[in-house]
2 protein chains.
Amino acid sequence: MQAPQLSAIDVDPPRVSTDMPPEDVRRFGRDVVDRIAAYLERTEDWRVLPAVEPGGLRAALPASAPEEGEPFEAILADFDRLIMPATTHWNHPGFFAWFSITGSGPGILGEALAAALNVNAMLWRSGPAATELEEVTLDWLRQMLGLPAGLDGTINDTASSSTLYALAAAREALDLGIREHGMAGRADLPPLAVYCSAEAHSSVDKAALTLGLGTSGIRRIATDADLRMDPAALVSAIHEDLARGVRPMAVVATTGTTSTTAVDPVPQIADICEAEDIWLHVDAAYGGAAAVVPELRWVLDGCERADSLVVNPHKWLFVPVDCSVLYTRRPEMLRGAFSLVPEYLRTREDTRNLMDYGVALGRRFRALKLWFVLRYFGTAGIADRLRGHVALARLFATRVDRHPAFERVAPTLLSVVAFRWAPPHTTPEDQDRLNEALLDHVNASGEVFLSHTRVGGRYALRLAIGNLKTTERHVLRAWALLEEGAAALAPAG
Amino acid sequence: MQAPQLSAIDVDPPRVSTDMPPEDVRRFGRDVVDRIAAYLERTEDWRVLPAVEPGGLRAALPASAPEEGEPFEAILADFDRLIMPATTHWNHPGFFAWFSITGSGPGILGEALAAALNVNAMLWRSGPAATELEEVTLDWLRQMLGLPAGLDGTINDTASSSTLYALAAAREALDLGIREHGMAGRADLPPLAVYCSAEAHSSVDKAALTLGLGTSGIRRIATDADLRMDPAALVSAIHEDLARGVRPMAVVATTGTTSTTAVDPVPQIADICEAEDIWLHVDAAYGGAAAVVPELRWVLDGCERADSLVVNPHKWLFVPVDCSVLYTRRPEMLRGAFSLVPEYLRTREDTRNLMDYGVALGRRFRALKLWFVLRYFGTAGIADRLRGHVALARLFATRVDRHPAFERVAPTLLSVVAFRWAPPHTTPEDQDRLNEALLDHVNASGEVFLSHTRVGGRYALRLAIGNLKTTERHVLRAWALLEEGAAALAPAG
């Protein structure tokens, strides 16, 4: 088929009404707000994990989009009927899996306004308020975290993207001409390596794969008994690589690992990175938030010396997904890795343009919800809530510690408890099976949802606290379900 | 500072109320809905481009976050006072810059509900409804675009990310062991190259840089008089590379270039890719939407043969940013590039997990707004609206064509008109300056916002139509402003 001539489509004004009429936006908007308020008030009426099988929703939906538009009432009714019961309720106060993230009222309302403005803040000119509010709120957050001035911050969707961008900047900082000449087919280029602990998040691997380092370019450094990166092992790995011509590209330290919230010894790691001139990136996606609490500020000790650091307000700072913040002391390297300005994006203003700091060109107005949240709760209000979450984790930890057949498998530093049921006279292999069965048992209740990990090769359970609505009652209920489950599943004898 | 012992933080329940009370979510939610409805009804009360200088908003905001929380009324008042007047109004029917994107009432309400659910659909288990609704809506959209069955779709934030992921899959498909061994320091690896037209989007370059191909691995293929990739030049470039040992990795064709909406000859390019066994990725981020209109379906001719294709519902399908869809016939390559399943993310279900198809682990429930939009407008309703936008572009094109001192500089295939003021007795250099001045002149009105490009090296203006609220009146007003501006700025003589 060929492109039609200009005359082939009549030059008529649009024949149909355009958007939803404003009076319907108002009317259905109120319906939506009522749903949201009722849902937040009564999230506990839902099972945390829905009782659905894979494919169930798909089978309940038509195979094709409707030809003619449908009334919005019908769409909302289907949302109630089909979507809500097939949703894992991250808002449920009994959601203790992975990292328990939390949105909030002000965050939701900020997101709604951002969706209405529909700004793409790729350039200052395309979103002056979005660009500047991102600068301002990230400077507020920097201060709240006790990080030094001079850090440049940008908001990305997820920590995986932030870490990818940080490591791309680290690659650029090698000054090996990779931006110009690439990596493939170059006899002059050494192999490159990234270092992180055995407990680091899989996003480090994903970033290394994407950047062309390969799995063979990833060094998983051994950890100590508390699952923290061993600085001596890091030094050895670096020196071994240097001896065989491998160029260290970056070290990724983690403050708050996904498995057990272990905090790598960043001050010692920073010493090593400075001595060896290696980019230091810190994954504080979850744990960084704790630095808002004065007595937990140690969690970011040494991070002022990092070249880059990621912290996710959508994890433990009450901002709905997605909102991941990448700070760097060396924004010129981020720009060096990514900045490209084609003619159609040139503007007259000599401004900082957010598109120059990552892969994504389009950028939602994510700073709006962050601004709403930081102002509504205030620094002290956020610290109080985080302190409460840590206290709840410790409450649960004391229950584990007091029980003869349960044990914690890692220190409880922040709001996650890693533990295991270890009934007497069972082998480690038995215990793996028993813990898996126990996890299924308590999750089947619909009242709580915990997840698992492996520590030292052995199956372990995780109780992660992070939701604004979680209270002592929910934590103690989780413990009661675990005790009941253990009693029901206990091996005979 | 050391991590405190377990006893150092009191085991108390949280001392403060937790989230915004539900009654306040309801009350302020209604305030927010009223604001949104009023804004959508009266967007024209705002200047499209705000009359602000860089730094203005920053200077108006406090240097630090408040210590104590603030009343939500005060936050909303500041939103009205500070954010709205410093916003570039992408919703304004006179927004004709870049690609004029459009949200919609149902899209906004869908985004608000998604923010409330706050689901992270990394795994089926973490978001059954989000995972399956993404599959269903993307299959609906595939059918609407006339694409064949068997395409696997995922939603990403932006086309830049989608194209990065697609090219990572293309790199994986080379079967050169890059996932395992990386690219640096490998004598066995040839240089790699990506091919796209001289008019392709800068996201192709960003992806190539990120993946380690370098600027030297990007081949910008010459275009014909209509700014479409020249297949003969593509073949030559591929053969030249092969002759000197460069391995072609991917060809990126564009259907609807950013500068002028040129449509590359995908059928011929697909022939070449098949003959040479090269991954074909199609950037249909903007133009793909047009395929919903039966008489514009030619825009995706040949795309059924692509290995991957990106189309952005947040551009011209009434979905608020962000929502970019990546389709691929070879999802196993996408998984090969990105899939990594650490213990803490293992689940029992044998399901498709969205985290395996890209860099981002966290995934918002973006399918919800897409579902709302597709159902509310229906296939026919969307086609009618797009047809209307194309008709408006053609209306504007006829005005340009009829004016002796204006000329179009590229065919008007879709909803963008690329044109230039070319007063008699002026040199091309004069014309560049005059067009730049004319652009500033009309944009200063606050009534419209156009952007520019370069075609054949010469400065040109772009009028892009895409907003649901744009009507004949707005297009004719843009033309009147251009005529007035030309009269005011016309060179003497």
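**A strand and its setting**

Modeller: Strand β8 (residues 324-328) of chain A is largely enclosed by the rest of the structure, because 5 of its 5 residues are buried. Buried means that 20 or more other C-beta atoms, placed from the backbone, lie within 10 Å of the residue's own. Strands are DSSP runs of E, at least two residues, and helices are runs of H or I, at least four, numbered from the N terminus. This is a predicted model: local features need pLDDT of at least 70, side-chain atom pairs count only at pLDDT 80 or more, and totals for chains, interfaces and linings use all residues. Residues are numbered from 1 along each chain as its sequence is written, with chains lettered from A and ligands numbered from 1 in the order in which they are written.

Both faces of β8(A) are covered. S324(A), L326(A) and T328(A) lie buried on one side, V325(A) and Y327(A) on the other.

Now the partners. Strand β2 (residues 152-156) of chain A runs antiparallel to β8(A), joined by 5 bridges. Pairing takes at least two DSSP bridges between strands. Here T154(A) stands opposite L326(A). Strand β7 (residues 308-311) of chain A also pairs with β8(A), antiparallel over 4 bridges. In that pair V311(A) faces V325(A).

Definitions and conventions
A residue is buried if 20 or more other C-beta atoms lie within 10 Å of its own, exposed if 12 or fewer, and partly exposed in between; C-beta atoms are placed from the backbone.
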